[in-house]
Amino acid sequence: MIIIKTDAEIELMKQSARLVSQTLTEVATMLKPGVTTLQIERLCSEFIRDHKAIPSFLNYRGYPYTICASVNDVVVHGFPNNVALKEGDIVSIDFGVILNGWHGDHAYTFLLGEASDAVLQLLRVTKDSLYKGIEKAIVGNRVGDISYAIQEYTERKHGYGVVRELVGHGLGRSLHEDPQVPNYGKRGIGKTMKENTTLAIEPMINMGTKDVYTDSDGWTIRTRDGKPSVHFEHDVCVKRNKALLLSDFSIIEKAEQANSNLNTSYYTGKVAAV
Ligand code: MF3
Ligand code: CO
């Protein structure tokens, strides 16, 4: 059952999502070669506690950390570790908070230093596909319209692998609510969306095969062919003409562009993803 939120609840959810965005902005500021994902874990966990929020991933179904740090061929659910990040790494940071009882859950992928055009294009296409999905998150559309838009652009247009095993989801007082929001599917199927439905839309897009496997730690999801994967996630609220973004990439992007250790050249269109 999809739980529709009141306007007051949407306002609270926006605060939760914005806190995640602010934390990812802190990450964008400190990222550089040599930093470890455990350092990022500590920063995120301290930052949100200072803001009176609690981490939602920690202990969720036994997940042992505050953030998911997924580097290169890791798709999602990577454990933070002591390995120094290096030039060329593709680093997805996903995490969630509970603030005033409401969940925020979103993710952003950073690129450290030089990278091939193929990697830059994967970043661009994945981020763009998220917005193509969000465009469909309006009253009267079906959930399948979001799924189709993402798959159409990433898989059919660009030949990337759309991960099947993991999906986006409703969000609210729980981290995972109805409906599921796959990044693949048919137009015109699934639930019809009503105003103030809140969704976490999160394309997980592989450069190569869509196939993944779970590491021996029971959590880390990797691409079967070892090629890179990118993950962007926004929290959105369904509205009549245009979805309302609860999370905010603009502050993250500003910090990312101000950090010379991070590569944002895929913003420019040179590696166009038409
Ligand atoms: N964004 C992911 C999701 O919505 C993160 C969950 S990780 C977990 O499913 F540790 F909480 F499971
Ligand atoms: Co999510």
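## Terms and model

Helices (H or I, at least four residues) and strands (E, at least two) are DSSP runs, numbered from the N terminus. This is a predicted model, in which local features need pLDDT of at least 70 and side-chain atom pairs count only at pLDDT 80 or more, while totals for chains, interfaces and linings use all residues. Residues are numbered from 1 along each chain as its sequence is written, chains are lettered from A and ligands numbered from 1 in the order in which they are written, and side-chain values use heavy atoms, with hydrogens and water left out.

## Overall build

Five helices and 15 strands make up the secondary structure of the chain. Its radius of gyration is 17 Å, close to the 19 Å that the globule rule gives for 274 residues, so the chain is as compact as a globular protein of that length. The radius is taken over C-alpha atoms, and the rule is 2.2 Å times the number of residues to the power 0.38. The C-alpha trace spans about 45 × 45 × 35 Å along its principal axes.

Of the 274 residues, 56% count as buried; buried means under 20% relative accessible area, exposed over 50%, and partly exposed in between (1.4 Å probe, protein chains only). A contact is a pair with heavy atoms within 4.5 Å. Among contacts in the chain with a separation of 6 or more, 72% join residues 24 or more positions apart.

## Nonpolar cores

In soluble globular proteins, nonpolar side chains tend to be buried together. A nonpolar core is a set of buried Ala, Val, Leu, Ile, Met, Phe, Trp, Tyr and Cys residues joined through side-chain atoms within 4.5 Å. The largest core here holds 67 residues, of which Ile-40, Ile-93, Phe-95, Phe-110 and Ile-201 touch the most other members. Helix H1 (residues 7–30) gives the largest share of this core, eight residues. Apart from it lies another core of seven residues, among them Val-75, Val-76, Leu-166 and Val-212.

Leaving aside neighbours within four places in sequence, Phe-110 is in contact with residues including Leu-24, Val-27, Ala-28 and Leu-31. The contacts of Phe-110 also include Asp-89, Ile-93, Ile-252 and Glu-256.

## Tyr-160

Tyr-160 lies in the loop between helix H4 (143–157) and strand E6 (161–162). At 7% relative accessibility, Tyr-160 counts as buried. Tyr-160 and Lys-210 are 50 residues apart in sequence, and their C-alpha atoms are 7.5 Å apart in space.

## Backbone exceptions

Most residues other than glycine have a negative phi, and most peptide bonds are trans. Arg-61, in the loop between strand E1 (54–55) and strand E2 (67–71), has a positive phi near 45 degrees. Its relative accessibility is 70%, so Arg-61 counts as exposed. Asn-196 is not a glycine either, and its phi is positive at about 70 degrees. Asn-196 sits in the loop between E8 and strand E9 (198–201), and at 6% relative accessibility it counts as buried.

The peptide bond from Asp-178 to Pro-179 is cis, with omega near -5 degrees. Pro-179 lies in strand E8 (residues 177–181).
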